[in-house]
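Subject: Structure handover

Hello,

Here is the structure I promised to pass on. Please open it alongside this note, and my findings follow below.

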Amino acid sequence: MNTGTNTGTNTNTGAQPQNTASQGGTTLVAAAVGPYNKEATCTTYPCLIFEDNFDTLDAKLWEHEITAGGGGNWEFQYYTNNRSNAYVKDGKLFIKPTLTIDRFGPDFLEHGNLNLWGANPTDTCTGNQFWGCERQGMPGQVINPIQSARLRSSRYFNFKYGRLEVEAKMPTGDWLWPAIWLLPRWNSYGIWPASGEIDIVESRGNLHYKDDKGQPAGLESMGSTLHFGPFVEANQWPKAHASTVASSGTFADSFHKYQLDWDDKSIRFTVDGTEILNVTPPQGGMWEFGDFEKTGLSKWDNPWAAGGHMAPFDQEFYIIMNVAVGGVGFFPDNFVNSPYPKPWNDHTGHAATAFWNARNSWLPTWNLDKDNGEGAAMQVNYIKVWKMGPTPP
């Protein structure tokens, strides 16, 4: 299943590494800006500035987020640092969901207290929003029933402009939500989504899932998206979103290459060499691209007025990889799953409880009793980042 290169040479781009060395499972380009980002060593382009082939899990590079708040969508997992949920094996990173009761016992969801506050620098809660650092279970309102992992590179690798390529295999299982994406290192233009978000790949683990038009919306499909707007209420992501269907099988059958090309003029997404989305803003930048003046959303000031042409996508971003579960919004109520329907409603509350109570319908699709449950894991073979030219001033 390992179809990527591990030599530091990418045959699709012709890029060559510059004086590589090994540190913590990450193949590094000769020393320059810290131990991970090698941009300052570049003299010719393309120039490989980052590469992780996951020979080991580099805990210094990849910080585990610790929170029950998820990504703001009231998902059903909590994130922790545990080798049952994030580990490397055979040169691949596995991010695998497990059941919370496997750790705490069957009574914990309705009667326990999930305390993630922590004490040491590496085990403190990373997100208190949405009661992310502590939750109390009670009958009819369960604690997050799934344990999973979310890793980020923000402490040691951030980059602005370049080509990112990741080879990954999506997980199989109803209501799984895998994602590989980028967030800004600094919220230079304000809180989300004013400073942007770049979603390289998102998918849904459902095998038999259709949208409201009857089109594939599960494992056969994936999407790429930009989030941008002065406030949450004015997020114009539908104007910068595209999805595609696998040419054969699903995105969980084998590894696929997901690529981001990002410069000071455009952002482009490709899957297995085929472009699926090209965002090239007009003269007025992302404000004009988002039609904020035409849609009545111009009552707010343009947060990117003092930024560059690609603002908010003209700042450093970091990498995130995670497997979420369920939540409100990503699995719309009018989409159709078979043979069992979606067990919760986005608008009636207690979604996690309804999800958990219906576990006999979705849990068998995760196949946790086969191959150590690794079919339900997102697997990442490698991540590489190149500078394609000098960064514009």
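Does lysine 213 count as buried or exposed? Lysine 213 counts as exposed, because its relative accessibility is 66%, and the cut-off for exposed is over 50%. Bear in mind that this is a predicted model.

Lysine 213 has a charged partner. Its side chain meets that of aspartate 212 in a salt bridge, at 3.9 Å from N to O. Aspartate 212 is partly exposed, with a relative accessible area of 46%.

**Other salt bridges**

How many salt bridges does the structure hold? The count is 15. Side chains of opposite charge can pair when their charged atoms come close.

One of the salt bridges joins glutamate 51 to lysine 384. The closest N and O atoms of that pair are 3.9 Å apart. This pair links distant parts of the chain. Glutamate 51 sits in strand S3 (residues 47–52), and lysine 384 lies in strand S24. The two are 333 residues apart. Glutamate 51 counts as buried because its relative accessibility is 0%. Lysine 384 also counts as buried, at 1%. Buried here means under 20%.

Next, look at aspartate 346. It forms a salt bridge with lysine 342, and the closest N and O atoms are 2.8 Å apart. Aspartate 346 counts as buried, at 15% relative accessibility. Lysine 342 is buried too, with a relative accessible area of 15%.

There is also a network. Salt bridges link Glu63, Glu65, Arg150 and Arg152.

**The annotated domain**

UniProt, in an unreviewed entry, places the feature "domain: GH16" at residues 38–391. Over residues 38–391 the chain is 31% strand and 8% helix. The end C-alpha atoms of that stretch are 13 Å apart.

Strands of a sheet pair through backbone hydrogen bonds, either parallel or antiparallel.

Strand S17 covers residues 221–227 and runs antiparallel to S18, with 5 bridges joining the two. Within S17 and S18, threonine 225 stands opposite histidine 241.

Strand S7 spans residues 92–95, and both of its faces are covered. Lys92 and Phe94 are buried on one side. Leu93 and Ile95 are buried on the other.

S7 pairs with strand S6 (residues 86–89) through 4 bridges, and the two run antiparallel. Tyrosine 87 has phenylalanine 94 in S7 as its bridge partner. S6 and S7 form a hairpin with 2 residues between them. In the turn, aspartate 90 has a positive phi of about 55°.

S7 also pairs with strand S24 (residues 378–387). Here 3 bridges join the antiparallel strands. Leucine 93 stands opposite valine 380 in S24. S24 is also the strand that holds lysine 384, the partner of glutamate 51.

Best wishes

Note on methods
Residues are numbered from 1 along each chain as its sequence is written. This is a predicted model: local features need pLDDT of at least 70, side-chain atom pairs count only at pLDDT 80 or more; totals for chains, interfaces and linings use all residues. Side-chain values use heavy atoms; hydrogens and water are left out. UniProt positions are given in the numbering used here, feature names are shortened, and annotations may be inferred rather than shown by experiment. Two strands pair if DSSP finds at least two bridges between them. Buried means under 20% relative accessible area, exposed over 50%, partly exposed in between (1.4 Å probe, protein chains only). A salt bridge is a side-chain nitrogen of Lys or Arg within 4 Å of a carboxyl oxygen of Asp or Glu.
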